[in-house]
Amino acid sequence: HAPTVRWLTDHGIAHVHNRPDKRSTATEGAPDFAIVAGGGTVWIEYKTREGKLSEAQQIWQHLAARQNVTVHVLRSMEEFLNLMRERGVE
């Protein structure tokens, strides 16, 4: 998460970060990041190469999808940078 937070901060991009190393006060299953970019909000959940979504995360993503909101599950900083480019942020 640290490289993403650093990149967002360096680029002056507003964001919310739910840290994985501390007990969250966010809604259970909420994504790791909500980022204001490209005229909207980008929702990101980071997982390791083999990592799987928890049941709570699956439910949260299902509820978001019902509102036409996508939660992007990313596995690398490269994927994050590609997503930001797609949203017009570099």
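This is a predicted model: local features need pLDDT of at least 70, side-chain atom pairs count only at pLDDT 80 or more; totals for chains, interfaces and linings use all residues.

Analyst: Residues are numbered from 1 along each chain as its sequence is written, and side-chain values use heavy atoms, with hydrogens and water left out.

Helices (H or I, at least four residues) and strands (E, at least two) are DSSP runs, numbered from the N terminus. Two strands pair if DSSP finds at least two bridges between them. S2 and S3 run antiparallel and are joined by 5 bridges. Phe33 has Ile44, in S3, as its bridge partner.

Contact here means heavy atoms within 4.5 Å; axes are lines fitted to C-alpha atoms, for helices over the stretch in contact, and angles run from 0 to 180 degrees between N-to-C directions.

Ala64 belongs to this helix, H2 (residues 55-66). Ala64 counts as buried because its relative accessibility is 8%. Buried means under 20% relative accessible area, exposed over 50%, and partly exposed in between (1.4 Å probe, protein chains only). Neighbours within four places in sequence aside, Ala64 is in contact with Val69 and Val71.

A search of the whole structure finds 3 aromatic pairs. Rings of Phe, Tyr and Trp (its six-membered ring) pair if their centres lie within 6.5 Å; planes under 30 degrees apart count as stacked, over 60 as edge-to-face and the rest as tilted. The rings of Trp7 and Phe80 form an edge-to-face pair, because their planes stand at 85°, with the centres 5.2 Å apart. Trp7 is in helix H1 and Phe80 in helix H3, 73 residues apart, so this pair links distant parts of the chain. Both Trp7 and Phe80 are buried. Another pair is that of Trp43 and Trp60, which counts as tilted because the planes are at 50°, with centres 5.1 Å apart. Here Trp43 in strand S3 is linked with Trp60 in helix H2, 17 residues away. Trp43 is partly exposed, with a relative accessible area of 25%.

Next comes the nonpolar core, meaning a set of buried Ala, Val, Leu, Ile, Met, Phe, Trp, Tyr and Cys residues joined through side-chain atoms within 4.5 Å. The largest one has 14 residues, and those touching the most other members are Trp7, Leu8, Ile35, Val42, Ile44, Phe80 and Met84. Two or more residues of this core come from each of helix H1 (2-10), strand S2 (33-37), strand S3 (40-46) and helix H3 (77-86). Met84 touches Trp7, Ile35, Val42 and Val89, not counting residues up to four places away in sequence.

Asn18 is found between strand S1 (15-17) and S2, and its relative accessibility of 19% is why Asn18 counts as buried. A polar atom of the Asn18 side chain lies 2.7 Å from the backbone oxygen of Pro31.

Terms used
A polar contact is a pair of N or O atoms within 3.5 Å; within protein, one must be able to donate a hydrogen and the other to accept it, and residues adjacent in sequence count only if both atoms are side-chain atoms.
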